[in-house]
Amino acid sequence: MRWSRFYIPTLKEAPSDAEVISHKLMTRAGMIRKLTSGTYTYMPLGLRSISKAAEIVRQEMDRAGANELSMPMVQPADLWQESGRWDFYGPELLRFKDRHQRDYCLGPTHEEVITDIVRGEVRSYRQLPMNLYQIQTKFRDEIRPRFGLMRGREFIMKDAYSFDRDQAGLDASYIAMYDAYMAIFTRMALNFRPVEADSGSIGGSFSHEFMVLAETGEDTVVVCKDCTYAANIERAEVLCTGDECDRLDTPLEEVSTPGKCTVADVAAFLGVSEAAIIKTLLYVADGEPVVALVRGDRELNDVKLKNLLHADTLEMASPEQVQQWTGAPVGFAGPVNIKVSRIVADNELRLATDWITGANKGDMHLKHVSLKRDVKLSGFADLRLITEGDTCPKCGGAIALTKGIEVGHVFKLGTKYSEAMNCKYVDEDGRDQTMIMGCYGIGVSRVVASCIEQNNDKDGIMFPPPIAPFEAIVLNLDTRTDDVCAKVDEIYALLKEQGVDVLVDDREERPGVKFKDADLIGIPMQLVVGGKGLGRGIIEVKDRRTGEKSELPVDGFAEAFTAWKKTVYAGWGIN
């Protein structure tokens, strides 16, 4: 491919609304162009990279035994109503009516559609297991789309769905997909880690996220320094050991705390540590009030609380609800004599007593609170966010927090959708049984943006060869010199013969412009052909990842290039 015939509209400056490096560089490199909020045109260079990522995904999915299909993006409301998600998915589900006033949505995911397909076609246990996948455009009406392809409204996704006879079959399907994902992201030469995760709105009982590790990531990843344990911050289990404290004998004492409605203010006013205070947090779970208690210097994990309550919805109580249930304004709630029947406490509160809490009166707090004596608890549970000071729940080792970008997610759905939508098969004894499902997604367009977040420098993108739009670029520095153009054509033909995907920069531009653009678009191998170099019998090459320059001889170039290419690939961990 020649640059002069390939549309690569590079820019010197990033758009003003670009916040993260992938958005800036993909726009400057001519890979994407914004159409409207959260939606982008994939330009030729960007589409090549996305297509290469998709092909790796496709090859590994096929190798794992999955079958590709393509489902409609427009989905009828009745399927979502049947599964129960029409009312619960939230505003991210873009709903609309057709000319007949029938309700539809743009598919953010396809559990309902795939379940409808299978229940109508698959009847016998002999047809199971089955795994179907697609690589297709999705739409989620994000409240604040941002970061380019990292959090857009329209995106390309691979979603696969497994159907099995029993739990053992689901376990096998899950492992097969987990292994396929490991192969996919390894082949892409990404620095990633699979982590235990919460299943979120998709549902299911067990899942892993695949995180590309990058300091610009939105997600916090918990990793153990001593073992292989890894989890996202929402899922990470807090290990809490020690003996439960006995009942406190010191009586309750009300203390005046005028205007002190935060933990920090109360601690400073009373001259105690924040760890001596209990936060009393009021929520509404599926319409019912609930109180959650955590230590004052800790943060509640909303996901853990929602899962504990088996709630479909969980929201913070409004100031009016706080006043109704406590008789006090926000900031003075406490668990003693509160007008809420369900009160759950974090496990860490077992290990101490003599707490300070709100008194359910304005400008008042209670001292010497004993949870055993003074509070009608519904129970203890792991409710808080893990911190760097905690220990690994698997081995007791040291926990570290890092940042990551979710590029893949695998779920054990169980019977959430097959039960609701009557997706059954007939077993060996002629009885109807509910199929057990799994769901496996990869954000294909997001993979490319995540790769750039992980691989860039001050000059531009540094693509790993497997998902680079081209593996090599040949820079013709003397486009008006016949000998140079002939050598460029010869090298181009040679690289193509070796199976290298190559771009030739044949533009009538100054060398400096070509060097800057080559660095910007991030093609892994740069080859510079000019009259001066040919006069010395050499061709200059550059490894984009390291910036290291070398000289390859014109005589014996094929062998020299093959050897140099191996070193470039080895730097990416590719044999």
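Tutor: We begin with the elements: helices (H or I, at least four residues) and strands (E, at least two) are DSSP runs, numbered from the N terminus. Residues are numbered from 1 along each chain as its sequence is written. This is a predicted model, where local features need pLDDT of at least 70, side-chain atom pairs count only at pLDDT 80 or more, and totals for chains, interfaces and linings use all residues, while side-chain values use heavy atoms, with hydrogens and water left out.

Student: Where does Q101 lie in terms of those elements?

Tutor: Q101 is in the loop between β5 (95-97) and β6 (103-106). Its phi is positive, about 65 degrees, although Q101 is not a glycine.

Student: Why is Q101 called exposed?

Tutor: A residue is buried under 20% relative accessible area, exposed over 50% and partly exposed in between (1.4 Å probe, protein chains only). Q101 has 54% relative accessibility, so Q101 counts as exposed.

Student: F147 also has a positive phi without being a glycine; is F147 buried or exposed, and why?

Tutor: F147, whose phi is about 70 degrees, lies in the loop between β7 and β8 (154-164). Its relative accessibility is 15%, and therefore F147 counts as buried.

Student: What makes the peptide bond from L128 to P129 cis or trans?

Tutor: Omega for that bond is near 5 degrees, and the bond is cis. P129 belongs to the loop between α4 (111-121) and β7 (130-139).

Student: How do you know that the length of helix α2 agrees with its number of residues?

Tutor: The expected span of a helix is 1.5 Å times one less than its number of residues. Helix α2 (residues 44-63) has 20 residues and should span 28 Å; its end C-alpha atoms are 28 Å apart, so the two values agree. Its buried residues include L45, I50, K52, E60 and M61. After α2 comes G65, with a positive phi near 95 degrees.

Student: What makes the pair of F185 and F192 tilted?

Tutor: Their ring centres are 5.7 Å apart and their planes stand at 55 degrees, so the pair is tilted. F185 has a relative accessible area of 0% and is buried; F192, at 15%, counts as buried as well. Y178, Y181, F185, F192 and F210 form one aromatic cluster.

Student: How do you know that the charge of K565 sits over the ring of Y569?

Tutor: The criterion requires NZ of Lys or CZ of Arg to be within 6 Å of the ring centre and within 35 degrees of the ring normal. The charged end of K565 is 5.2 Å from the centre of the Y569 ring and sits over it. Likewise, K416 lies over the face of Y417, 5.5 Å from the ring centre.

Student: Why does S445 count as buried, and which residues does S445 touch?

Tutor: S445, in helix α11 (residues 444-454), has 1% relative accessibility and therefore counts as buried. Contact means heavy atoms within 4.5 Å. Not counting residues up to four places away in sequence, S445 touches Y42, I50, L149, F155 and I156.

Student: What joins the side chains of R295 and D297?

Tutor: A polar contact of 2.7 Å joins them. The term denotes a pair of N or O atoms within 3.5 Å; within protein, one must be able to donate a hydrogen and the other to accept it, and residues adjacent in sequence count only if both atoms are side-chain atoms. R295 is in strand β15 (residues 288-295) and is buried because its relative accessible area is 17%.

Student: How many helices and strands does the protein chain have?

Tutor: The protein chain has 15 helices and 31 strands. Of its 575 residues, 52% count as buried.

Definitions and conventions: Phe/Tyr/Trp six-rings, centres within 6.5 Å; stacked < 30°, edge-to-face > 60°.
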